[in-house]
Amino acid sequence: MTEVNAPVTMSDVARAAGVSTATVSRVVNGHYGVSARTSAQVRSAIERLGYESSLVATSLRRSRTNVLGLVTHSFQSYTAEVLKGVMQALTRSGFDLIIYANSDLYGSYSEGWEQRHLTRLSGTLTDGCIVVTPWGEVQSRTPVVAIDPARHSTAPSVTADNLAGATAAVEHLLALGHRRIGFIAGRSNLAAAWSREEGYRTALTEAGVPVDLTLIGRGDFNPESASPLARALLQRADRPTAIFAASDGMALKVLQVAKELGLSVPGDLSVVGFDNIPEAALTEPGLTTVDQSMYQLGYEAARMLKSLVTGEWEGPRRMVLPTSLVVRGSTAPPKSTTRS
């Protein structure tokens, strides 16, 4: 039978350090009146015994818990890269991080998920939260920063310049000679998805190419949503010569469907994504995409949240980061315009 050890208590730490429980409490809570030598003894005992004070109890005694939250609907490559930036920004900051996500990988999408998660975390467990791609406006008793906010959101936010990135992606295809360019959109209630579609339409219009609504498929950023849309576009008699997908996850599904249909990339079809997730460089051919520096999104969101919590933030509450086009092997001139 496996022995289960009881949690280490403050009294255990006091006995190990040879001090009173009140002294341990003062050290744990950062109060004055404890000598450096005694404080070192207590901290040594804490480290040796693995004592963890209760976050809830601590929050009741202090004005802050020194814990921040990250709320996300699901964990995919995008979220993982954002998390790396968040963790870097919190290094040696004195803040810990709680991550709260739905149990499903792609999730049973339900409206209001972000607000339910924030309600559970804000106040008692965390001093503030980062919310990744919320569906709607987010409200909290504590500071909150949204990464890729919903349209018309007024919450402090960090996002990429999605309009410029999408415009550059379609201009790249136009420069190669493509004129029939399909588009697989993201979830329309997100500001990012709206801006990427606007970039698609703007680039075509400025090049004098009519926007063909039948070449636009409505996805939701879930990679699986792109498969039937790509299949419908590529099985047309007048199929597009290129497809721009609003996320790399959906673009990778376009590559998969093209292969299943016997189409070569970039010979028969050029494909462009958006995000520059690590998998984009590993696929064959490599995926041309828009780099929105997901790491930097996380880093800046955490930096903003820390300063909002401490009352030190003086910058804009809506931060827009630059994007850049990364050209790889998935794009080339269409066959009809390829020169020998």
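Mentor: A residue counts as buried under 20% relative accessible area, as exposed over 50%, and as partly exposed in between, with a 1.4 Å probe and protein chains only. The model under discussion is predicted: local features need pLDDT of at least 70, side-chain atom pairs count only at pLDDT 80 or more, and totals for chains, interfaces and linings use all residues. Numbering runs from 1 along each chain as its sequence is written, and side-chain values use heavy atoms, with hydrogens and water left out.

Trainee: Why is T159 called buried?

Mentor: T159 has 7% relative accessibility, so this residue counts as buried. T159 has its place in strand β5; helices (H or I, at least four residues) and strands (E, at least two) are DSSP runs, numbered from the N terminus.

Trainee: Which residues is T159 in contact with, leaving aside its neighbours within four places in sequence?

Mentor: Contact requires heavy atoms within 4.5 Å. With those neighbours set aside, T159 touches D148, P149, L297, M319, V320 and L321. T159 and M319 lie 160 residues apart in sequence, yet their C-alpha atoms are 6.3 Å apart in space. For the protein overall, residues 24 or more positions apart account for 69% of the contacts with a separation of 6 or more.

Trainee: What makes β5 and β11 a pair of strands?

Mentor: Two strands pair if DSSP finds at least two bridges between them. Strand β5 is joined to strand β11 (residues 318–321) by 4 bridges, and the two run parallel. In this pairing, A160 stands opposite L321.

Trainee: What makes both faces of β4 count as covered?

Mentor: In β4 (residues 144–147), V144 and A146 on one side and V145 and I147 on the other are all buried. For β5, S157 and T159 point one way and V158 and A160 the other way, and all are buried. Across the 340 residues of the protein, 48% count as buried.

Trainee: What is the phi of T133?

Mentor: Phi of T133 is near 45 degrees, a positive value in a residue other than glycine. Such a value is noted because most residues other than glycine have a negative phi. R92 likewise has a positive phi, near 55 degrees. R92 lies in the loop between α5 and β2 (96–101) and has 81% relative accessibility, so R92 counts as exposed.

Trainee: How do you know that the peptide bond from E284 to P285 is cis or trans?

Mentor: Omega of the bond from E284 to P285 is near 0 degrees, and the bond is cis. P285 is in the loop between α11 (278–282) and β10 (288–291). Another cis peptide bond joins V265 and P266, with omega about 10 degrees; P266 is in the loop between α10 and β9 (270–275).

Trainee: Which elements give two or more residues to the lining of the largest pocket?

Mentor: On a 1 Å grid over the protein atoms alone, a pocket is an open set of points where a 1.4 Å probe fits, with protein on both sides within 12 Å along at least five of seven lines; lining residues have an atom within 4 Å of a point. The volume of the largest pocket is about 580 Å³, the space filled by probe spheres set on the points, which are joined across faces, edges and corners. Its lining has 32 residues, of which Q76, Y78, F221, N222 and P223 are the closest to its centre. The elements in question are α5 (77–90), α8 (191–206), α9 (223–234) and α10 (248–260). The largest share of the lining, 5 residues, comes from α10.
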